[in-house]
Amino acid sequence: MQASTPVSQTAAEDELQRPELSARMLSRRIKERALAEGFEKVGIVPAGAFDTERVQLTAWLERGLHGRMGWMARDPEVRTDPRKLFPAARSVVVVAKNYYTPSQHSDDPSTGKVSRYAWGDDYHDVVGAKLRSLLSWIKGEFAETEGKVCVDIQPMMDKAWGVKAGLGWIGKHTNLITQDYGSWVFIGELLLNLELEYDGNQVADHCGACTLCIEACPTQAITEPYVVDSNKCISYATIELREQELPNNVADNLNGWLYGCDICQDVCPWNRFEQVTDEVRFQPRKGNDNASLNDVLELTSETYVERFRGSAMKRAKISGLQRNARTLLQHADLLG
Ligand code: B12
Ligand code: SF4
Ligand code: SF4
């Protein structure tokens, strides 16, 4: 006669038969796998709605601080509740990927500075591929898994999820800062239909009395601590704004920026903890960290597509990049 409970049952099998323990084991394995995929940080939190006041989205939109990014104002209730984006969501796996490489910007006025985040291959592709690989691994282990990959373009509040999952805090410049990599990290999420064990510890705000980012911003876009007015931000104007001319306040204070702006992060003392990324795809592509402005002006639709294939810099479109290059050359008295 067979015994109803086999005496040889392993600890792992025992864990899997008790729901609270299997959630713990599953969470641990998902985190191990996320680190093996190359993410530096990972946390898991329940897929609940955000307190809209806490995340300040409505107030920010009502004040028009999103400028012409109409897509930010679309469906704020989806942006603050992942279950409206993916109804099966029970858990959010939040990851951070370090993108720092040691190259430096040039002050040569015939070149334009590009934000670090856009030097290498497009992070949407790199982080998205890692998250898709994580999801397919989870599906291989647990066939009933359903999931959705999010990085930047999905209506999620990436930084708020980073805070909730204990990856870091949001600095006065409004970027998420990690204690071990500074703010040079991308954030992504994997929404899962699985109940998991959750992280409860959040990182305290370590900005203290520092105001270096606010003082360094050449356009006063950080209008108060933890608030950025996109209308004044060089990053917004050079990447997102689809006007023929840059606003005067930005055009007169570009400080050499062709695409995006890193000033508030460059001055942040927490970025002395920057570490070189292990991701080769984030190494600067030739001429994409400091781009020759004349080369940008000479681009045609065909050469533009070829040069920026797989690069985040295509977000600005050829018209935006050439407008920015023209403005920089005009201000340096270098336009022939
Ligand atoms: C819109 C947007 C922009 C706009 C507006 C910037 C902004 N401050 O929101 C513009 C075009 C200006 C921009 C610029 C940049 N961006 Co951008 N952007 C976004 C986007 C799409 C949405 C951000 C958002 O929700 N803003 C809404 C307002 C209300 O948010 P907020 O002012 O930051 O308010 C937050 C706080 O109130 C906060 N909060 C504060 N304390 C706490 C505490 C708790 C517990 C909680 C829950 C929340 C919370 O919650 C809010 C939401 O996060 C995200 C991607 C995404 N899907 O989230 C990327 C994102 C924020 N951008 C990113 C990057 C890299 C940049 C640039 C550095 C690029 C560059 N070098 O040029 C600059 C930085 C400029 C700056 N100082 O902010 C990264 C930031 C990574 C990081 N480490 O934080 C993101 C997360 C993309 C990604 N997935 O990696 N961006
Ligand atoms: S990205 Fe540049 S312009 Fe925008 S808030 Fe930071 S320093 Fe100011
Ligand atoms: S520069 Fe200072 S205030 Fe600004 S985010 Fe960094 S630590 Fe915080």
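How many helices and strands does the chain have?

1. The model is a predicted one, and in it the chain has 16 helices and eleven strands. The radius of gyration of the chain is 22 Å, close to the 20 Å that the globule rule gives for 336 residues, so the chain is as compact as a globular protein of that length. Along its principal axes the C-alpha trace spans about 95 × 40 × 35 Å, and of the 336 residues 39% count as buried. Among the contacts in the chain with a separation of 6 or more, 77% come from residues 24 or more positions apart.

2. One open sheet is formed by four strands, which follow the order S1-S2-S7-S4 with antiparallel pairing. Its edge strands are S1 (41-46) and S4 (147-150), each of which pairs on one side only, and from one strand to the next the twist averages 20°. Helix H8, residues 123-141, packs on this sheet and touches S2, S4 and S7 (185-192), while its direction makes about 30° with that of S7.

3. Is strand S2 mostly covered or mostly open? S2 is mostly covered, given that eight of its eight residues are buried. The burial applies to both faces of the strand, with Ser91, Val93, Val95 and Lys97 buried on one side and Val92, Val94, Ala96 and Asn98 buried on the other.

4. S3 and S10 pair in the parallel sense over two bridges, and Val114 stands opposite Tyr259 in S10.

5. Ser110 deserves a separate comment, and it is found in the loop between S2 and strand S3 (111-114). Why does Ser110 count as partly exposed? Ser110 has 14 C-beta neighbours inside 10 Å, and a residue is partly exposed when its number of such neighbours falls between the limits of 12 or fewer for exposed and 20 or more for buried. Although Ser110 and Asn290 are 180 residues apart along the chain, their C-alpha atoms are separated by 9.4 Å. Once its neighbours within four places in sequence are left aside, Ser110 is in contact with Ser292, Leu293, Asn294 and Leu334.

6. Which residues are found around ligand 2? They are His173, Cys217, Thr219, Ala221, Ile222, Val228, Cys233, Ile234, Ser235, Cys261, Ile263 and Cys264. The elements that give two or more residues to this shell are helix H11 (234-240) and helix H13 (263-266). Sorted by class, the shell around ligand 2 has nine nonpolar, three polar and no charged residues.

7. Around ligand 3 the surrounding residues are Gly171, Lys172, His173, Cys207, Cys210, Thr211, Leu212, Cys213, Val267, Cys268, Pro269 and Trp270. By class, this shell has eight nonpolar, three polar and one charged residues.

Technical notes
Residues are numbered from 1 along each chain as its sequence is written. Chains are lettered from A and ligands numbered from 1 in the order in which they are written. This is a predicted model: local features need pLDDT of at least 70, side-chain atom pairs count only at pLDDT 80 or more; totals for chains, interfaces and linings use all residues. A residue is near a molecule or strand if its C-beta atom, placed from the backbone, lies within 6 Å of it. Ala, Val, Leu, Ile, Met, Phe, Trp, Tyr, Cys and Pro count as nonpolar, Asp, Glu, Lys and Arg as charged, and the others, Gly among them, as polar. Two strands pair if DSSP finds at least two bridges between them. Axes are lines fitted to C-alpha atoms, for helices over the stretch in contact, and angles run from 0 to 180 degrees between N-to-C directions. Two residues are in contact if their C-beta atoms, placed from the backbone, lie within 7 Å. The radius of gyration is taken over C-alpha atoms; the globule rule is 2.2 Å times the number of residues to the power 0.38.
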